Amino acid sequence: MRSLTSRDAAEHAHVYLSLLGWPVAAGHSYRPDRGCTCLEETTAQICPRPGAHPLASHVVVARPDRVDEEFAALPGAGVIAPTLGFDAIVLPKPVAMFALVQLERHSAQVPCVVSRHEAALLVAPRTAAAALGHLSRTVVKLRTGPDGWVALPPSHKTRWDTPPWSSRGEPVELPDARDVREPIALAVKGVAR
């Protein structure tokens, strides 16, 4: 696998598509001098996720043969992945880090993408609602199916805490959400104290 050290969104998008099989879309861009490109379309003064959210409410995935063109047309675009190849358990960053420590103690590798204030743990598709639906009334947000999405690196202020590939560049198997339920519940309880 190629090293993803560059900030080239199209290069990252190709890896997500080819290595992981995740569909992707170009998102809004962050401009240091003017903020998120979404601000041109609204009267809002502040964007809560600058350069790290979809262009529209419904994520329209890029055709694999048009990824380069789509990202070239939107310089600095974020990489958005609809939650089709995974479910995302979105937590406040301190809660997610607490949960990851618990999971690492049990040698569990759970892909985790971190943004400014939150983190998304990625689990097997169609498993989060059944396993963690009872926690979604707390600080836990579940994103699943075609209507959910996650901003992936190199989107603005996103990075992998735990990448979805091994040190050998092979995709890791996503855990079932049932396997992360206890550490997440413990983290929610522990950080809430």
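Buried residues are those under 20% relative accessible area, exposed ones are over 50%, and partly exposed ones lie in between (1.4 Å probe, protein chains only). The model described here is predicted, so local features need pLDDT of at least 70 and side-chain atom pairs count only at pLDDT 80 or more, while totals for chains, interfaces and linings use all residues. Residues are numbered from 1 along each chain as its sequence is written, and side-chain values use heavy atoms, with hydrogens and water left out.

Helices (H or I, at least four residues) and strands (E, at least two) are DSSP runs, numbered from the N terminus. The segment before α1 (9-18) contains Asp8. With a relative accessible area of 39%, Asp8 is partly exposed. At the start of α1, a side-chain oxygen of Asp8 comes to within 3.0 Å of the backbone nitrogen of Ala10. This is a polar contact, meaning a pair of N or O atoms within 3.5 Å; within protein, one must be able to donate a hydrogen and the other to accept it, and residues adjacent in sequence count only if both atoms are side-chain atoms. Asp8 also lies 7.2 Å from Pro154, C-alpha to C-alpha, although the two are 146 residues apart in sequence.

Strand β1 (residues 25-31) is largely enclosed by the rest of the structure, because six of its seven residues are buried. Two strands pair if DSSP finds at least two bridges between them. β1 pairs with strand β3 (residues 77-92) in the antiparallel sense over three bridges, and Ala25 has Ile80 of β3 as its bridge partner. β1 also pairs with strand β2 (residues 35-36), again antiparallel, over two bridges. In that pairing, Tyr30 stands opposite Cys36 in β2. A hairpin of three residues joins β1 to β2.

The cysteines remain to be described. A disulfide is a pair of cysteine sulfur atoms within 2.5 Å, and the structure holds zero of them. For Cys47, the closest cysteine sulfur belongs to Cys38 and is 3.6 Å away, which is too far for a bond. Cys47 is buried, at a relative accessible area of 11%. Cys112 is buried as well, with 0% relative accessibility.
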